[in-house]
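The following note sets out comments on the structure shown below.

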Amino acid sequence: MTDEQMKYPVGKFSPPASYTTDDFRRWINDIKVLPGLLRQAVISLNEKQLDTPYRTGGWTLRQVIHHVADSHMNALMRLKLALTEDKPTIKPYEEAHWALLADYRLPVESSLRLLEGIHSHWAAILESFTEDEWNRSFIHPESGETIPLKKFLGTYSWHGKHHLAHITETVKKFDR
């Protein structure tokens with residue numbers, strides 16, 4: 001893949017016109033399996049490989065793993081806020097700035113363990129949803145968009161695959 005293709009190796013997220021129970025089941029399964037897929041993708045990588053950017057100007061594979069943990073930790077909190085408050089306005093964060101913090105230089109194991117716990121909680125909550133809960137929402141202050149939890153789930157199913165592909169496509173280059 002070229003650097004340009006590596007920006008969105010699985011394409012950009014496009015929400016469906018309508019949502020089905022099968023969509024929810026598939027996306028919840030994506031949430032469940034992502035931590036294991038990420039672990040499998042990086043388990044045999046050495047430090048030099050983990051510190052390889054997935055594209056020119058992109059994050060290193062190490063930063064990608066830490067980013068997914070931070071992003072999905074925020075996602076779990078946003079989910080809980082939307083379930084317990086009436087259309088809360090969520091707090092955005094500067095993900096590019098977070099990627100420069102000292103914890104993004106830690107071994108990836110800490111974030112892989114975080115992801116296992118986060119995704120376990122996340123899936124348990126999602127599997128308990130009623131029809132009304134899929135329609136609950138939060139407000140994103142930067143866009144002003146009201147985001148229903150069903151779209152939110154689809155977005156994060158995509159987000160995990162997007163970053164997993166950054167890693168797996170980069171690892172293919174190591175095998176050459």
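Predicted model: local features only at pLDDT ≥ 70, side-chain atom pairs only at ≥ 80, totals over all residues.

1. The secondary structure consists of eight helices and two strands. Along the sequence these elements follow the order α-α-α-α-α-α-α-β-β-α. The radius of gyration is 16 Å, close to the 16 Å that the globule rule gives for 176 residues, so the protein is as compact as a globular protein of that length.

2. Taken along the principal axes, the C-alpha atoms fill a box of roughly 50 × 30 × 30 Å. Of the 176 residues, 45% are buried.

3. Two packed helices are described by the angle between their axes and the distance between the axes. For helix α4 (residues 61-84) and helix α6 (residues 109-127), the axes come within 9 Å and cross at roughly 25 degrees. An angle under 35 degrees counts as roughly parallel, and α4 and α6 are therefore roughly parallel to each other. The crossing in which α4 passes α6 is left-handed.

4. On the α4 side, the contact is made by I65, H66, V68, A69, H72, M73, A75, L76, L79, K80 and L83. The α6 side contributes S110, S111, L112, L114, L115, I118, H119, H121, W122, I125 and L126.

5. What is the division of the residues in the contact of α4 with α6 into nonpolar, polar and charged? There are 15 nonpolar residues, six polar and one charged.

Definitions and conventions
Residues numbered from 1 in each chain as written. Heavy atoms only, no water. Axes fitted to C-alpha atoms, helices over the stretch in contact; angles between N-to-C directions. Helix = DSSP H or I, 4+ residues; strand = E, 2+ residues; numbered from the N terminus. Parallel < 35°, antiparallel > 145°, perpendicular 65-115°, else oblique. Left-handed = near helix turned anticlockwise from the far one by under 90°. Contact = heavy atoms within 4.5 Å. Nonpolar A, V, L, I, M, F, W, Y, C, P; charged D, E, K, R; others polar. Rg over C-alpha atoms; globule rule 2.2 N^0.38 Å. Buried < 20%, exposed > 50% of the residue type's maximum accessible area, 1.4 Å probe, protein only.
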